[in-house]
Amino acid sequence: MPGFGPAVVSLPTAPGRFPVVLVAHGAGDKPEWQCEWWSRVLGARAVIACLRGSAMYPRRPDSGFYFRNHYALERELLALLPALRSAHGDQVREGPALFVGFSQGAIMGALVIPAHPELFSGAILIEGGYDEWNVAAARKLAKRPGVRVLLACGQSYCRDRARGAMHWLRKGGVAARLAFAPRAGHTYTGEVGERVRADLEWVIAEDGRWQSAAPVPTGE
């Protein structure tokens with residue numbers, strides 16, 4: 001993508017067109033790691049596109065990436081969607097994408113997605129993205145019928161803050177759910193990942209484009 005680092009894309013090997021999942025990683029994370037994990041979770045059900053962001057240490061780009069602010073994430077995300085359809089349009093199904101964010105990606109994503117309800121069918125915010133909600137933001141997102149938000153936590157602090165976020169989301173007309181893995185820590189894998197996997201069908205239940213895809217596999 002001109003002006004941005006290369007995104008990572010995981011494509012189903014099966015023929016057909018599939019919904020898009022857009023993934024924003026945490027600070028110091030890498031899009032390769034996120035796409036690898038989500039491709040195992042979703043199998044051949046979706047086209048998974050993972051944002052790169054900026055190198056934390058430009059002289060050592062392999063040390064990890066981050067998003068400078070939510071405006072930077074927004075610009076990259078809006079550039080990724082047309083680039084994805086241009087490069088892989090024969091596998092991309094029309095319609096909104098599912099947003100997934102971890103840590104910084106969840107925090108920044110929670111600020112971006114209410115501004116673009118036409119682009120998102122739902123969101124999974126893992127270990128972040130709970131302090132950014134209020135009724136006004138939820139009402140903006142609720143312009144998308146059937147939108148759902150899953151907040152996932154592996155720490156008690158996250159759980160407590162996410163409960164507040166669910167209050168504002170629901171008050172604004174957005175269906176929200178909390179997945180909590182006690183003492184699992186600040187991660188998107190392990191028990192946190194299993195809780196997210198268990199609630200994935202709830203997140204996509206209102207999006208009929210997923211109905212023809214295979215069920216979520218169990219286990220790693």
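1. Helix α1 against helix α6. In this predicted model, α1 and helix α6 (residues 190-203) pack at about 45°, and their axes lie 11 Å apart. Axes here are lines fitted to C-alpha atoms, for helices over the stretch in contact, with angles from 0 to 180 degrees between N-to-C directions. Helices (H or I, at least four residues) and strands (E, at least two) are DSSP runs, numbered from the N terminus. The pair α1 and α6 is therefore oblique. The classes are: under 35 degrees roughly parallel, over 145 roughly antiparallel, 65 to 115 roughly perpendicular, the rest oblique. α1 passes α6 in a right-handed crossing. Right-handed means that the near helix is turned clockwise from the far one by less than a right angle, left-handed anticlockwise.

2. Residues between α1 and α6. From α1 come Trp37, Trp38, Arg40, Val41 and Leu42; from α6 come Gly193, Val196, Arg197 and Leu200. Contact means heavy atoms within 4.5 Å. The contact of α1 with α6 holds six nonpolar, one polar and two charged residues. Ala, Val, Leu, Ile, Met, Phe, Trp, Tyr, Cys and Pro count as nonpolar, Asp, Glu, Lys and Arg as charged, and the others, Gly among them, as polar.

3. Basis of the values. This is a predicted model: local features need pLDDT of at least 70, side-chain atom pairs count only at pLDDT 80 or more, and totals for chains, interfaces and linings use all residues. Residues are numbered from 1 along each chain as its sequence is written, and side-chain values use heavy atoms, with hydrogens and water left out.

4. Helix α2 against helix α3. The axes of α2 and α3 are 9 Å apart, at an angle of about 75°. The two helices are therefore roughly perpendicular. His70, Leu73 and Glu74 of α2 meet Gly105, Met108, Gly109, Leu111 and Val112 of α3. By class, the contact of α2 with α3 has four nonpolar, three polar and one charged.

5. Cover over α3. Helix α3 (residues 104-112) is mostly covered, with seven of its nine residues buried. Buried means under 20% relative accessible area, exposed over 50%, partly exposed in between (1.4 Å probe, protein chains only). The buried residues are Gln104, Gly105, Ala106, Met108, Gly109, Ala110 and Val112. Their cover includes β2 (20-24), β5, α2 (70-88), β6 (97-102) and β7 (120-126).

6. Disulfide Cys35 to Cys50. A disulfide is a pair of cysteine sulfur atoms within 2.5 Å. By this rule there are two disulfides. Cys35 and Cys50 are joined, S to S 2.2 Å. The torsion about their S-S bond is about 110°, so the link is right-handed. Distant parts of the chain are linked: Cys35 sits in helix α1 (residues 31-42) and Cys50 in strand β3 (residues 47-50), 15 residues apart. Cys35 is buried at 4% relative accessibility. Cys50 is buried at 1%.

7. Disulfide Cys153 to Cys158. The sulfur atoms of Cys153 and Cys158 are 2.0 Å apart. With -60° about the S-S bond, this link is left-handed. Cys153 is buried at 1% relative accessibility. Cys158 is buried, with a relative accessible area of 2%. Counting bonded cysteines along the chain, the pattern is 1-2, 3-4.

8. Arg60. Is Arg60 buried or exposed? Arg60 is exposed, at 58% relative accessible area. Arg60 lies in the loop between β4 (54-55) and β5 (65-66).
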